[in-house]
Amino acid sequence: MTGQSDMPAYLVRVSARARRPSIRVTPRRGVEIVLPRGMSIEHGHALAARRREWIRQTVERLRLRGLAAWEQTAGIPDDICFQATGTRLTVTGRTLPADQAGYVRDSAEEGIVHMGCPEGAIPAQALHGWLINQGRKHLSPWLSALAMAHDLRYQRVRVAGQHTLWGSCSARGTISLNYRLLFMPPRLARYVMLHELAHLVHRNHSRRFWATLETMCPGAAVLDRELRSGARHVPAWVEMLRSR
């Protein structure tokens with residue numbers, strides 16, 4: 001993960017087979033900066049910074065290519081499951097005239113989401129706003145509790161539907177969280193939040209950062225690797241929603 005809002009998350013790793021530094025972008029492994037032995041990790045971060053725009057464009061092309069395939073099968077969900085919090089909501093829908101705006105309203109006590117869809121289409125704008133509110137409702141208090149447990153303070157929390165980042169921490173102490181974390185297993189959602197909280201102590205990905213994170217979240221390296229394929233937990237309709 002990076003703390004820069006316009007830089008996709010990437011991993012820097014050393015390979016015994018590599019003869020020169022390179023950048024690899026694949027749907028399965030994400031963005032990797034591969035370095036030969038003897039080259040410093042800082043060199044990898046510098047390479048990523050120089051090729052930032054190329055990385056961003058390549059990630060976007062892969063994302064759109066995947067969306068084209070998902071559009072054949074994704075539609076309005078029958079239910080919405082937030083794996084991170086163990087929340088399951090049943091979706092009820094009604095078709096609206098084409099000139100009416102779609103809506104999403106939830107009834108927490110009944111566990112139902114009421115959705116109005118113009119001619120059956122996903123009400124993208126309404127769903128996007130609803131998911132942001134759900135992120136604020138579920139993720140913000142969780143982040144606050146984790147910060148208190150580790151005696152850390154951030155300035156504010158922002159929830160959005162970022163295309164490439166699960167989370168980030170700005171130099172001013174604003175932590176941004178992706179509402180897609182709601183669909184993650186609890187261990188991964190918690191890891192992302194602790195990762196960003198650790199950036200309040202170290203603004204980089206130095207050895208000291210990883211040491212700090214390990215004390216906050218034992219097994220952080222394993223969770224970080226698991227997070228690379230975290231998108232598999234996110235329903236296709238959510239990915240379609242973010243493309244519109």
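How do α4 and α5 lie to each other, roughly parallel or oblique? I looked up the axes, and those of α4 and helix α5 (residues 207-216) come within 9 Å and cross at roughly 135 degrees. The two helices are therefore oblique to each other. For that word, angles under 35 degrees count as roughly parallel, over 145 as roughly antiparallel, 65 to 115 as roughly perpendicular and the rest as oblique. Axes are lines fitted to C-alpha atoms, for helices over the stretch in contact, with angles from 0 to 180 degrees between N-to-C directions. Helices are DSSP runs (H or I, at least four residues), numbered from the N terminus.

A note on the source: this is a predicted model, where local features need pLDDT of at least 70, side-chain atom pairs count only at pLDDT 80 or more, and totals for chains, interfaces and linings use all residues. Residues are numbered from 1 along each chain as its sequence is written, and side-chain values use heavy atoms, with hydrogens and water left out.

Back to the pair. On the α4 side I find R190, Y191, L194, H195, L197 and A198, in contact with F209, W210, L213 and M216 of α5 (contact means heavy atoms within 4.5 Å). I sorted these residues into 8 nonpolar, 1 polar and 1 charged.

Next entry: α4 and α6. I have α4 at residues 186-198 and α6 at residues 220-227, their axes within 10 Å and crossing at roughly 110 degrees. That makes α4 roughly perpendicular to α6. This crossing is left-handed. From α4, R187, L188, Y191, V192 and H195 meet A220, L223, D224, E226 and L227 of α6. Here I get 6 nonpolar, 1 polar and 3 charged residues.

Then α3, residues 124-149. I read 26 residues and 37 Å from first C-alpha to last, close to the 38 Å expected at 1.5 Å a residue (1.5 Å times one less than the number of residues). There is a kink of about 30 degrees at L139, shortly before the proline P141 (the angle between axes fitted to the seven residues ending there and the seven starting there). After α3 comes D151, with a positive phi near 55 degrees.

Terms used. Left-handed = near helix turned anticlockwise from the far one by under 90°. Nonpolar A, V, L, I, M, F, W, Y, C, P; charged D, E, K, R; others polar.
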